[in-house]
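Let's take a walk through a protein model and see how its parts touch. Keep the picture open while you read.

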Amino acid sequence: MTPLLQVKRIEKRYGARIGCADVSFDLYPGEVMGIVGESGSGKSTLLNCLAGHLEPDAGQIIFDTRADGPVDTVTMSEPERRMLGRTDWAFVHQHARDGLRMSVSAGGNIGERLMAVGDCHYGDIRDKAIDWLDRVEIDEGRVDDRPTAFSGGMQQRLQIARNLVTGPRLVFMDEPTGGLDVSVQARLLDLLRGLVREMGLSAIIVTHDLAVVRLLADRLMVMKDGRVVEAGLTDQVLDDPQHAYTQLLVSSVLQV
Amino acid sequence: MIELKDVSKSFTLHNQGSAVIPVMAGASIKVAPGECVALTGASGAGKSTLMRVIYGNYLAASGQVFVGGLDLARAEPREILTLRRETLGYVSQFLRVVPRVPTLEVVAEPLLAIGCDKQKALDKAASLLARLNIPERLWMLSPTTFSGGEQQRVNIASGFAHDYPAMLLDEPTASLDVQNRETVLTLIEEAKARGAAIVGIFHDVGARDRVCDREINVSEFTPGVAA
Amino acid sequence: MSEYNFAYLDEQTKRMIRRAILKGLAVPGYQVPFASREMPMPYGWGTGGVQVSAATLTPEDTFKVIDQGADDTTNAVSIRKFFENTADVETTEETEKATVIQTRHRIPEAKLTEDQILVYQVPIPEPLRFLEPRETETRKMHSLEEYGLMHVKLYEDISQHGAISTSYAYPVKVSDRYVMDPSPIPKFDNPKLEMDAIQLFGAGREQRIYAVPPHTKVVSLDFEDYPFEATKADHPCDLCGAEDSYLDEVIMDDAGNRMFVCSDTDYCRSRRAAGHVGRLAEEGAA
């Protein structure tokens, strides 16, 4: 089986400071990988490099495209990369307002990606938007409301619908449950798990919440000071951490 | 089916003066299809540790851990995940589920994960829940609100939903009444009959004597006082 | 007259603007940045159009200015006077006689010819601005032909009003490539954007010039199930009886009486001169 994503020695520097360095891994279709670490560990920098939002200083990010097979997304042209960004990739931001158009209705938000790839039948677009509202558990009566009228959890679910409507194969998530109430988090995690499984999505989830990765991620990568200090099966890394930093991280979680 | 060759396990506590705690050394066991082996030994002798090493939850420090031909000590995460999905089942003492998911789906989950038809999976889940005397009115509720005994039975139902060729059972009959204990023992006997290799921890001596073919005392693998 | 250089602007500036115009014609619909000058009139009064006209006019030209179709409103009169004073060109109100027509928010009803140039005044040249405020981002969207956002605006229209309610500045795609704001002309005029004359668009405050060469394909954006419609008031002109022209609604008294008249004053005048009579003109004659 060809990996969906092959990351080879990715490095990003901010002047003399290391954003992330020497990161390599393969992600296979259907796999969900978590990246954990404290603030400043380079996990968000890495995610933004992978998603094409930042240009890495070194390394390769090889994505298995539908049309041409494995292609290095670092060296591909910007139009190609942006096309991937609205078709095969999705990016779920921590703050829904970074990933939504707040002045556009829920239906318009979901429809944008469809229209961006050439859908121009209003009825079809609206039907798909309503179908997706239903899948993320938002009442279809809210289709013409703007996200400003939605709660934080609803905004986040809308952002997910907007991202998944074009049937992407790889989803990048940056702290998808950050800033939400615990009960809202649980519902969102449940939803994400279902969608990942149903659509056979591969996902890379950056978070500092170990409970989130235990529920969602098959594999885990632990980052510290821009480097990967430990990687492996999620429950193995959490239950039998090998690296000093991971042990500290795991033992710092409050038991409920 | 399950074979351990000279497996050792130790914990290094980096944040406590890098203390190295050896917990297991020279563990070699072999379990054939259709065979059920009980792990025995005093509390703290390392029964659970051994189970976790076989499941890939703990990383073996040295040696080889073969399940269905895959060496878990060296396997890639996705290989272990595939093994757990298709070959190796684990019934733990504690239920760990996603909130909000109905009991019926929790039990059907292992079948859905291997691509089983949804209706067939739900039917199988329903029959197991019925055999384990979970009232039907609870099936559409999340098991997070259930009593300890009910959660334990939901856990067993989900563990036996798919016919794994290899199984790990951690105290499967603990906290069960007579009738449910009988059901669980029957399930284990059925699994053996279809050729499953089983490793289990049974504090219930009667149950152990009934389903287990032999015992392995893990004290044999307990290293001497840490050097 | 001699106090001014021909058509007010200095020759270097006109040369710079002409280069922008030629580039615009070469890349139909593409917004060419240019160094917009201060003009002796406030922004919003046609400074972009005036600079394009100034760079386009020759002493032999005949110049016409309309404001929402009318030759006799303040804006039209003052710009016409401006070029009478600074360029000493002939001016006219008759569409057929003009060689350069500067317009605010209308296309004349009479069919324009290859010998004519139509200069539009443009307030906001960027059609994507409504939904994407960042210029860096809109430029990238144009360069990569990412126009999904344009349809989002139309989607919002239908979802909120049951139909595409955008009735002016209706976005078009030019020559299968650039999405362009045709300036705030009524969408009734959109089909006329495919014409024989040269069309130049000038935005003074925003410092952009763009163009549509003659015989260029111009398609109004729409949905398959909500196709573009060039609408107008369902009424004939009350003065000349025309049924094919864009109409202004005029409230006549406090009792709710109103009349519909051609917004193109020259078109209406020439039809009446040819003997066509509308409802109110009949009454007035009677």
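This is a predicted model: local features need pLDDT of at least 70, side-chain atom pairs count only at pLDDT 80 or more; totals for chains, interfaces and linings use all residues.

Residues are numbered from 1 along each chain as its sequence is written, chains are lettered from A and ligands numbered from 1 in the order in which they are written, and side-chain values use heavy atoms, with hydrogens and water left out.

Back to chain C: its domain assignment gives domain 1 (11-220) and domain 2 (247-285), with bounds that come from an automatic or database domain assignment. Their C-alpha centres lie 28 Å apart. Domain 1 of chain C puts 14 residues into the contact and domain 2 of chain C puts in seven, where contact means heavy atoms within 4.5 Å. About 670 Å² is buried between the two domains, with 38% of that from carbon and sulfur atoms. Buried area is the accessible area (1.4 Å probe) that two parts lose on being put together, summed over both. Salt bridges across this interface number zero; the term means a side-chain nitrogen of Lys or Arg within 4 Å of a carboxyl oxygen of Asp or Glu.

## Where chain A meets chain B

Now for a meeting of two chains. Chain A and chain B each bring 24 residues to their contact. Between them they bury about 2,100 Å², 50% of it on carbon and sulfur atoms. On the chain A side, A:Arg197, A:Leu233 and A:Asp240 lose the most area to chain B, together 26% of what that side buries.

There are four salt bridges between chain A and chain B. Look for B:Lys9 and A:Asp240, whose side chains meet in a salt bridge (2.6 Å, N to O).

## Strands in chain B

Strand 1 (residues 2-13) of chain B has partners to look for. With strand 2 (residues 19-31) of chain B, strand 1 pairs in the antiparallel sense over nine bridges, and B:Val7 stands opposite B:Ala27. Strands (E, at least two residues) and helices (H or I, at least four) are DSSP runs, numbered from the N terminus, and two strands pair if DSSP finds at least two bridges between them. The hairpin of strands 1 and 2 of chain B has five residues between the strands, and B:Gly17 there takes a positive phi near 70 degrees.

Strand 1 of chain B also pairs with strand 4 (residues 62-67) of chain B, antiparallel over five bridges. Here B:Ser8 stands opposite B:Ser62.

## A link inside chain A

Over all chains, the count comes to 51 salt bridges. One to find is A:Asp88 with A:Arg169, where the closest N and O atoms are 2.9 Å apart. This pair links distant parts of the chain, 81 residues apart.
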